Amino acid sequence: MSVASILEGKEICICAGAGGVGKTTTSAAIAVGMARRGLKVAVLTIDPARRLANSLGLPELGNEERQIEIDAPGELWAMMLDAKSTFDEIVAKHAPDAATRDAVLSNRIYKELSTAVAGSQEYMAMEKLHELHEEKRFDLLVLDTPPSRNALDFLDAPDRLSRFIDSRALHFFLAPSRTGLKLFSRGTGVLFSVLKRVTGVDLLKDLSDFFASFGDMAQGFRERAKAVKRLLADDRTAFLLITSPAHEAIAEAEFFRDKIEEAGMPFGGVIVNRMHVEEPDGDEDLGSLDPELAEKVAANFRDFHALAERDRRNVEELTSDMGDRPLIVVPYLDEDIHDLDGIEAINEYLFAASYTGAE
Amino acid sequence: MGKTTVALALGLAAARQGLRTIVCEVAHQERFSRLMGREGVGYEETEIAENLNAISLDQQHTLEEWVTYQLPSKTLAGLLYRNGIFQHLTSAAPGIKELVTIGKIWELAQLHRKSKDARPYDFVVVDSPATGHGLGMLRAPRTFGDVARVGPIRHQADRIHDFIVSDKTGVLAVALPEEMPVNETLEYAEDLEQFRGPIDSVVVNGLYPARFTEAEIESLNGHTGPAVRAAVTEYCRYRSQVEELERLREGVPDAPFASLPFLFAPELGLDEVTELSHELEEQLA
């Protein structure tokens, strides 16, 4: 099985999985491999750490896509999404007029929330993915999903954000209006006093302003959220799960696969990274070695064997659970993968005509 | 990186020294419980070993509890919590998860616990989210304090923030001895320095044993077979790990440093984590 055949006819590839399983490197490798096959590919990350840049051998990446020179018939582009800039762009796009746009962009709560690292990233990733897809400038978009606590957060991120902005109940409650708060006029006195206790009256006023200025854009956000959802469920999208051969990571990958399939989203396959592979049998010739060294070599081999055994068992179990879904194994390579050369090395496995270490 | 394993090992070491300790996971994945080979502990402070408790935070419980603390009566809290508006607002508001999570961690560390009948802890170990997200969690009180400007949220956020930046809190980075994790750790140390000062200690996890000398590997030249290849592989990985470990050390020269061995055990369990906890205790003492 090859990534190329999984991604045949796909325009979006979403790489997901637990933290520390090589998601970013795999995303970069897939993008490189598909560019080699003649496609114009962009790989996107929202990782605030510079992993993607690192894996492509770059000092850093910005919010603008940038072309990476590789020797390939296609093109390779990469970008690191900056939540704040993406958010600002979207506001500018959805705002009905310049005054609304400026009101939102200068709103204190907006400024704080859009710069805070946590929370808004998943949403931004989906948003940017949708935008780039609409622009049709690339044949394939590869998304390295954030190392989220809950790997599923990003699936309903657009929904959540549009709900937040479009909280009609809240509008009623806070009665936002350009002329100020009308909190008491709606007979919500008790609830208000409770909320006031929690937040303080100033914050309530700020929140009200925030929702008042955002309110005009709610419709735009709601429609976008729907469009993103459709895109995720579209046949042109494929979810790839990345895992290590460790029991824990595999369990998470299987949980994730269920969720993707339950949500009606197209599951592409699973990639098992860094598998300890059994050394192929061969004639052992330790006879002439110093006995002490020979024993060390043997002990080391026993340890390696145990690891390979464990990985083999775990991957076998995964393979049977996956049924006929594609599964690709990348062995633990001797070199540390952190540049284009390393990517070439793992692509021999990702894009092999047929290879499964489990066999 | 093995954050969960190191967090549990640290908890075990502290508990052995007689400190009443709790290990706290924020992702509601019950990883500690699985490592200990037991049922999940959930949102209950549960003793999992002598002197050692565990709790698994999830957003709903944490948020509900947080609201309760803000209000004078349970009835009011229930009213607010059950009210759709509040649920709505908080479930979607960016950053609120991080805020209530760090708020609960802070609560666990207080001498006078807010939780009813709860006893204080001497030491709270948190298995934090990965670098960027972890820092986001530490910054959440500052962010929300700034949003609120004045009032009860500001007041509370300030207290939590002050605690995080005080010397009662320490940040321990866990890294693998490989190029990308080392870069990430160095970057994290820089960001952390700007936020609250230098990193407090660094633990390198999964270091291959120094089994062979260069001369021994050279003497394998001419020999063939899977065991010989495995020996060469081990040596190559070990060498590249040592280089990365050195680079990390040079990057954070002042931080106390510990390195934990790569364990060849098929799956980690209590025995392995206990072994690691002794290593940590010795090296970070």
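These legends go with close-up views of a predicted model.

**View 1. Chain A as a whole.** Start with the overall make-up: chain A has 15 helices and eight strands. Of its 359 residues, 50% are buried. Now take the contacts in chain A between residues at least 6 apart in sequence: 75% of them join residues at least 24 apart.

**View 2. Helix α12 of chain B, end to end.** This helix runs through residues 270–284 of chain B. How far apart should its ends be? At 1.5 Å a residue, its 15 residues should span 21 Å, and the end C-alpha atoms are 20 Å apart, so the two values agree.

View 3. Which residues of α12(B) are buried? They are B:V273, B:L276, B:S277 and B:L280. These residues sit on the same side of α12(B), because they cover an arc of only 110° around the axis. Here's the handy rule behind that kind of pattern: an α-helix has 3.6 residues a turn, so residues three or four places apart point the same way. Look to the other side of α12(B) and you'll find B:D271 and B:E282, which are exposed. As for the buried residues, their cover includes α1 (3–16), α2 (31–35) and β7 (257–261) of chain B.

**View 4. Inside the largest nonpolar core.** This core has 178 residues, and A:V41 and B:C24 touch the most other members. Its largest share, nine residues, comes from α1(B).

Technical notes:
Residues are numbered from 1 along each chain as its sequence is written. Chains are lettered from A and ligands numbered from 1 in the order in which they are written. This is a predicted model: local features need pLDDT of at least 70, side-chain atom pairs count only at pLDDT 80 or more; totals for chains, interfaces and linings use all residues. Helices (H or I, at least four residues) and strands (E, at least two) are DSSP runs, numbered from the N terminus. The expected span of a helix is 1.5 Å times one less than its number of residues. A residue is buried if 20 or more other C-beta atoms lie within 10 Å of its own, exposed if 12 or fewer, and partly exposed in between; C-beta atoms are placed from the backbone. The arc is that of the directions from the helix axis to the C-beta atoms. Two residues are in contact if their C-beta atoms, placed from the backbone, lie within 7 Å. A nonpolar core is a set of buried Ala, Val, Leu, Ile, Met, Phe, Trp, Tyr and Cys residues joined through C-beta atoms within 7 Å.
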